[in-house]
Amino acid sequence: MWSGLLQKVFKVREKVAMNLGGKGDEEKPFLDHLEDLRKMIVRMAMTLLAATLVTFCFYDRLFEIIKHPLWATGVIKTEQDLKNMLQILSPQEGFLMVMNLSLIAAVIFAFPLLLFFLLQFVLPGLKPAEKKAIFPAIGIGAGLFLLGSCFAFFVVLPKALEFFYSFNEGLGMTNGWRLDAYVKFATRFILLFGVAFELPVIVMVLVKLDFLNYKLMSTTRSYAIVAIAIFAAVVTPTPDPFTMLVLAGPLYVLYETCIWLAYFMEKKDRAAYPEYYADIDKDAKELEESANDDWDNENYNPWSSGDDEDEDKDDYQAPAAKPSAPPAEVEKDDVEDLGEDQSSKMPEEDPADQPTREMTLEELAREDEKRSNEPPKDS
């Protein structure tokens with residue numbers, strides 16, 4: 001399964017390289033793609049390891065930062081209230097919490113480098129001008145990731161914590177949360193919002209690779225709204241509709257921004273490559289006309305294909321009409337006309353050459369009885 005999946009990924013990568021690099025680029029063997037993938041994974045792992053070791057040295061400051069959303073809710077007044085709410089229930093829980101917090105902080109701080117390694121693998125064969133443009137793209141992606149993380153940390157997370165705290169109080173229960181569970185909830189919340197805000201970068205890459213365009217995105221807004229709502233409902237760590245709407249709203253605004261960015265990118269590319277886009281428009285027009293012709297036909301059946309109809313025509317043969325017997329005069333003229341080429345006529349079959357009919361049991365019995373009544377012949 002993994003081998004087939006890797007082969008599909010490498011084929012897409014090869015297609016991207018051919019599109020960006022031109023016809024001069026040759027296809028790379030499977031092992032070369034695998035080597036590039038290994039280099040990317042090793043670079044990412046080493047970067048995360050180094051960043052985690054650095055952030056672990058400042059875990060006390062990171063812990064103070066992660067407690068800020070609780071203070072922002074207003075339900076925590078003093079340090080004693082905070083200690084009463086966040087509890088450690090196992091010996092290793094504090095250490096695991098610090099490791100988890102250090103890793104998430106390392107991902108946030110090292111995100112520009114991680115994105116750079118990923119784009120190096122996904123977008124091979126870049127031209128010199130495009131290689132210069134990759135650094136602004138990385139800066140935009142890192143800025144969007146930081147914007148999403150800050151939006152979750154300062155706006156969404158305090159509201160979500162306040163909602164759950166009030167809901168638990170309404171049940172008549174005292175809020176006592178595990179420290180490890182709280183840190184996992186908060187860090188996952190922040191990380192998911194940061195990744196979700198990378199939507200413009202993903203869409204712009206797909207537009208650059210001609211998988212998306214302005215026309216397709218502008219005519220499928222309704223589907224995009226449903227997809228964004230489903231995505232927000234799945235990735236948010238809380239099932240409440242407030243958190244889902246808080247994430248889905250900014251994502252839709254970013255999607256609308258992507259539509260206009262795709263419009264300006266396509267406009268610029270059309271001016272630079274008019275022949276390429278002229279062929280694309282021609283193919284799209286022919287495809288649309290053929291589709292319209294099929295649907296306008298009153299005999300059009302969408303559940304059948306042309307091959308099936310051809311097979312039906314081949315299978316069904318209309319019975320040939322048998323000619324009536326010619327008049328006697330015509331038969332006589334044909335017999336007397338010996339000057340006609342006789343080679344074209346089929347010779348009459350000898351009755352002796354025809355296969356004999358198999359006799360029935362009754363006929364065989366009569367034949368035996370007849371033979372028994374005949375007198376014996378004298379020798």
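Glu 93 is buried, with a relative accessible area of 3%. Buried means under 20% relative accessible area, exposed means over 50%, and partly exposed lies in between (1.4 Å probe, protein chains only). Glu 93 forms a salt bridge with Arg 178, which is partly exposed at 38%. A salt bridge is a side-chain nitrogen of Lys or Arg within 4 Å of a carboxyl oxygen of Asp or Glu.

This is a predicted model: local features need pLDDT of at least 70, side-chain atom pairs count only at pLDDT 80 or more, and totals for chains, interfaces and linings use all residues. Residues are numbered from 1 along each chain as its sequence is written, and side-chain values use heavy atoms, leaving out hydrogens and water.

**Salt bridges**

The structure holds five salt bridges.

| Pair | Closest N to O | Relative accessible area |
|---|---|---|
| Arg 178 and Glu 93 | 3.0 Å | Arg 178 38%, Glu 93 3% |
| Glu 256 and Arg 221 | 2.8 Å | Glu 256 18%, Arg 221 28% |

Glu 35 and Arg 38 are three residues apart in helix H2, so about one helical turn separates them. Arg 178 sits in strand S2 (residues 177-178) and Glu 93 in helix H6, 85 residues apart. Glu 256 in helix H13 and Arg 221 in helix H12 are 35 residues apart.

**Fold and cores**

The chain has 17 helices and two strands. Helices (H or I, at least four residues) and strands (E, at least two) are DSSP runs, numbered from the N terminus. Of the 379 residues, 29% count as buried.

In soluble globular proteins, nonpolar side chains tend to be buried together. Here the largest nonpolar core has 46 residues. Such a core is a set of buried Ala, Val, Leu, Ile, Met, Phe, Trp, Tyr and Cys residues joined through side-chain atoms within 4.5 Å. Trp 177 is one of the residues with the most contacts inside this core. Contact means heavy atoms within 4.5 Å. Leaving aside neighbours within four places in sequence, Trp 177 touches residues including Leu 70, Leu 86, Leu 161 and Tyr 182. A second, separate core of 13 residues includes Met 40, Met 44, Phe 121 and Phe 145.

**Surface**

Helix H2 (residues 30-56) also holds Met 46. Met 46 is exposed, at 52% relative accessible area. With Val 42, Leu 49 and Leu 53, Met 46 makes a nonpolar surface patch of about 390 Å². Patch residues have over 30% relative accessible area and no salt bridge; like charges are joined within 9 Å, nonpolar side chains (Val, Leu, Ile, Met, Phe, Trp, Tyr) within 5 Å. Accessible areas come from the Shrake-Rupley method with a 1.4 Å probe; for residues, only the protein chains shown count as cover.
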